[in-house]
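Q: I would like to go through this structure with you. Could we begin with what the terms mean and then move on to particular residues?

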Amino acid sequence: MKRLLYFFICFGILIFWSSCRNDFEFTPSTGNLEFARDTVYLDTVFNNIGSSTYNLKVYNRSDEDIVIPTIQLERGTASFYRMNVDGGTGDAGTPEEGKFFENVELLANDSLFIFIETTIDITTLPTLDTEFLYTDRILFDGGTNQQDVDLVTLVKDAVFIYPDFQGNTTIFENLNFDVDGDGIIDETSLPGRFLTNSELTFTNEKPYVIYGYAATPEGETLTMEAGARVHFHADSGILITNNSTLTINGAISSDQELLENEVILEGDRLEPIFEDVPGQWGTVYLFNGSVNNTINHATIKNATIGVLAEGNDDAPTDKLTITNSQIYNTSSFGLLGRASSILAENVVINNSGQSSFAGTIGGKYNFTHCTIANYWNNSFRQFPSVLLNDFTQIDETTIGTNPLMEANFNNCIIYGNDNPEFILDQQGDDFSFKFTNCLLRFDNSNLEGTTNYIFSDSNLYENNIFNQDPDFKAPFDNLMQIGEDSGANGIGNTIFSTQVPFDLLNTSRSASPDAGAFESVIFDD
């Protein structure tokens, strides 16, 4: 009896389920699809470099289950776009992969995604301009029921610099050069290659895209002309080797949005989502032995370390002179000196995962009218905006010291979203520094009054203002101009402002100069 009852129950469920199958009877679409947008912009890509994946959402607002007979690219197999449709029968595994799909089913009041990518070879396009707007359309169905969505991509031609591969692998060759100055070529783990003579001048004609480290041969100079744009792949950068020089010759720009004469160094991901992402590439590495490096009117952003200057602290001229430049969004240090010598004027550094400026293992550092701030908010930050020390850890129990010959900060702002924003970590006997006419953030009762933090000592601290709001325009967005209520207004010393008479925007400094790289302005409401 129980078996018979069980049979009738199962049979009834089967009949009931079968009666519901008409919910899955699909009728052809009639041109009434709706789309999340009528145009998909795939942002800007470099020639022959794949884009990110973008998506388009397609809606069936009707109460009927439908089948879309075809979804295809208008250019067909010749299109540089490729698609993947979330549902339906596609052409995967054929030469037309990602171009044509058929019988795509879509339930009533449901939606599906179409994922879109592109890789474009600009040399096959009708013109050979350095920029080209490439378009296509996604066609849904045909005839009177056809609907479409536009696809648009800006393609940029570029100069690509990349190393050779190791044998038959896809692994880049490493750079080999005299690392320690003993005359012997050393093997390194840095992927890259030395630039040829024809590659030693970067112009503004095309962007440059660098894979691995682009290194200068010994005794040569790498010059970047005004308006040059340099993009780096992950773990890539510039390496300036023994007796060679980096010269960045940017100039003031009339359009502060376009920055047409600025030299800009950043990552190779051009999508807006990557615009301010730190750590996308390595660093500009001024190796021990490089000489007379100059950077003027440059913006360096989204690196691991913006600029790393190493060694040569006793050279007759500064290893690095950096002026009228900005360093933003570095996952580690903005500007890092290791037993080196740096002269900086009208420089802004902000948003660094560790310190915006660190002068380590001693050296010689002079900053005038600079804004060294840190409003990092991506993670915990261990170090202040400015870190000075005179030592290196040799092993667990031993440190080696090197004199901090001088570290002068004149008419500067040193501030941020932590406290204190400068640390002076002395281990050796020679540790020379001075802050003059600066706006400083330091409010730490445990350190104040101890060695190096006696603020009444005019040999170390002279005419500084502490802990007053700098009134930055938008520091978390790297807008570091100061407003009329800034604590830095009018506190500068004219001795230093006459050495740097114009601010970063080429505004003449007043008779009562402001501290930092910018003269104050009245912000628009």
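Predicted model: local features only at pLDDT ≥ 70, side-chain atom pairs only at ≥ 80, totals over all residues.

Q: Good. Which residues is Ser290 in contact with, leaving aside its neighbours within four places in sequence?
A: Beyond those neighbours, Ser290 is in contact with Ile240, Thr241, Asn242, Asn243, Ser244, Asn312 and Lys319.

Q: And where is Ser290 placed?
A: Ser290 is in the loop between β22 (284-286) and β23 (293-296).

Q: Is Ser290 buried or exposed?
A: Ser290 is buried, with a relative accessible area of 1%.

Q: What does the side chain of Ser290 reach?
A: It reaches the backbone oxygen of Phe287 at 2.9 Å. The side chain of Ser290 also makes a polar contact with the side chain of Lys319, at 3.0 Å.

Q: Changing topic: how many disulfides does the structure hold?
A: The count is 0 disulfides.

Q: Are Cys370 and Cys412 buried or exposed?
A: Cys370 counts as buried at 0% relative accessibility, and Cys412 is buried with a relative accessible area of 0%.

Q: Let us turn to the nonpolar cores. How many residues has the largest one?
A: The largest nonpolar core has 59 residues, and those with the most contacts inside it are Met224, Leu265, Phe357, Phe367, Phe409 and Phe422.

Q: Which strand gives the most to this core?
A: Strand β27, residues 333-352, gives the most, with 5 residues.

Q: And what does Phe367 touch, not counting residues up to four places away in sequence?
A: Phe367 touches Leu335, Ala344, Phe357, Ile372, Asn408, Phe409, Asn410 and Cys412.

Q: What lies apart from that core?
A: Another core, of 30 residues, lies apart from it; Leu33, Val85, Val104 and Ile138 are among its members.

Q: Back to strands: where is Arg338 placed?
A: Arg338 is in strand β27. At 30% relative accessibility, Arg338 counts as partly exposed.

Q: What polar contact does its side chain make?
A: The side chain of Arg338 makes a polar contact with the side chain of Glu310, at 3.1 Å. Leaving aside neighbours within four places in sequence, the residues in contact with Arg338 include Tyr285, Leu308, Thr360 and Tyr365.

Q: Now the rings. How many aromatic pairs does the structure hold?
A: The structure holds 32 aromatic pairs. In one of them, the rings of Phe177 and Phe194 have centres 6.5 Å apart and planes at 90°, so the pair is edge-to-face.

Q: Which parts does that pair tie together?
A: Phe177 lies in strand β12 (residues 174-177) and Phe194 in strand β13 (residues 186-194), so the pair ties together parts that are 17 residues apart in sequence. Phe177 is buried, with a relative accessible area of 6%, whereas Phe194 counts as partly exposed at 29% relative accessibility.

Q: And how is the pair of Phe202 and Tyr208 arranged?
A: Phe202 and Tyr208 are stacked, at 4.2 Å centre to centre with 15° between the planes. Phe202 and Tyr208 are both buried.

Q: Finally, what lies over the face of Tyr59?
A: Arg61 does, at 4.1 Å from the ring centre of Tyr59.

How values were computed
Residues numbered from 1 in each chain as written. Heavy atoms only, no water. Disulfide = S-S within 2.5 Å. Buried < 20%, exposed > 50% of the residue type's maximum accessible area, 1.4 Å probe, protein only. Core = buried A, V, L, I, M, F, W, Y, C linked by side-chain atoms within 4.5 Å. Helix = DSSP H or I, 4+ residues; strand = E, 2+ residues; numbered from the N terminus. Contact = heavy atoms within 4.5 Å. Polar contact = N/O pair within 3.5 Å; in protein donor to acceptor, adjacent residues only side chain to side chain. Phe/Tyr/Trp six-rings, centres within 6.5 Å; stacked < 30°, edge-to-face > 60°. Lys NZ or Arg CZ within 6 Å of the ring centre and 35° of its normal.
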